[in-house]
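Biologist: I have a structure open and would like to learn how to read it. Could you walk me through some features?

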Amino acid sequence: AKEAAAATLVSLSYINADTQASIAVAGAIPPLIDLAKNGTDDAKSAAAQALGKLAANAHTKVLIAAAGATLPLVDLAKTGTHPAKAVAAGALCNLASNADVLIAAAGAIPPLVEL
């Protein structure tokens, strides 16, 4: 159910910036981070994709970084399945303009280079 919810949030996050902000205000970011850390492989990938799509919004990316998404996304880029690594890299890319120092400090550069 959590994986399906994350996949639905991915679809909704394509609509527009207002929808992305609404998803964040509704409290979706912490559960998505938790799912990216503790879900099944598919759930981790779906959560990372949702976080990445939400991070396309300038306001939401700040909330995502502040909520602590950087380390779980870096971990997923290091240890996830190949598709999850790619999705985590995309999410980190969207976060990079706000959290670039955090991303580098979290050790993201080597696994990104390996992709």
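Modeller: Gladly! Keep in mind that this is a predicted model. Let's begin with packing.

Biologist: Which helices do the buried residues of α1 pack against?

Modeller: They pack against α2 (17–25), α3 (29–38) and α4 (41–54). The buried residues themselves are Ala6, Leu9, Val10 and Ser13. Because they cover an arc of only 105° around the axis, they sit on the same side of α1.

Biologist: Why do residues three or four places apart point the same way in an α-helix?

Modeller: An α-helix has 3.6 residues a turn, so residues with that spacing point the same way.

Biologist: What should the 12 residues of helix α1 span?

Modeller: Count 1.5 Å a residue, and residues 2–13 should span 16 Å. The end C-alpha atoms of α1 are 16 Å apart, which agrees.

Biologist: Now for single residues. Is Thr60 buried or exposed?

Modeller: Buried means under 20% relative accessible area. Thr60 has 0% relative accessibility, so Thr60 counts as buried. You will find Thr60 in helix α5 (residues 58–66). Beyond its neighbours within four places in sequence, Thr60 is in contact with Gln20, Ala21, Ala24, Ile29 and Leu54.

Biologist: And where is Asn57?

Modeller: Asn57 is in the loop between α4 and α5. At 9% relative accessibility, Asn57 counts as buried.

Biologist: What does the side chain of Asn57 reach?

Modeller: The side chain of Asn57 reaches the backbone oxygen of Ala17 at 3.1 Å. A polar atom of that side chain also lies 2.8 Å from the backbone nitrogen of His59. Leaving aside neighbours within four places in sequence, Asn57 is in contact with Ala17, Gln20 and Ala21.

How values were computed: Residues are numbered from 1 along each chain as its sequence is written. This is a predicted model: local features need pLDDT of at least 70, side-chain atom pairs count only at pLDDT 80 or more; totals for chains, interfaces and linings use all residues. Side-chain values use heavy atoms; hydrogens and water are left out. Helices (H or I, at least four residues) and strands (E, at least two) are DSSP runs, numbered from the N terminus. The expected span of a helix is 1.5 Å times one less than its number of residues. Buried means under 20% relative accessible area, exposed over 50%, partly exposed in between (1.4 Å probe, protein chains only). The arc is that of the directions from the helix axis to the C-beta atoms. Contact means heavy atoms within 4.5 Å. A polar contact is a pair of N or O atoms within 3.5 Å; within protein, one must be able to donate a hydrogen and the other to accept it, and residues adjacent in sequence count only if both atoms are side-chain atoms.
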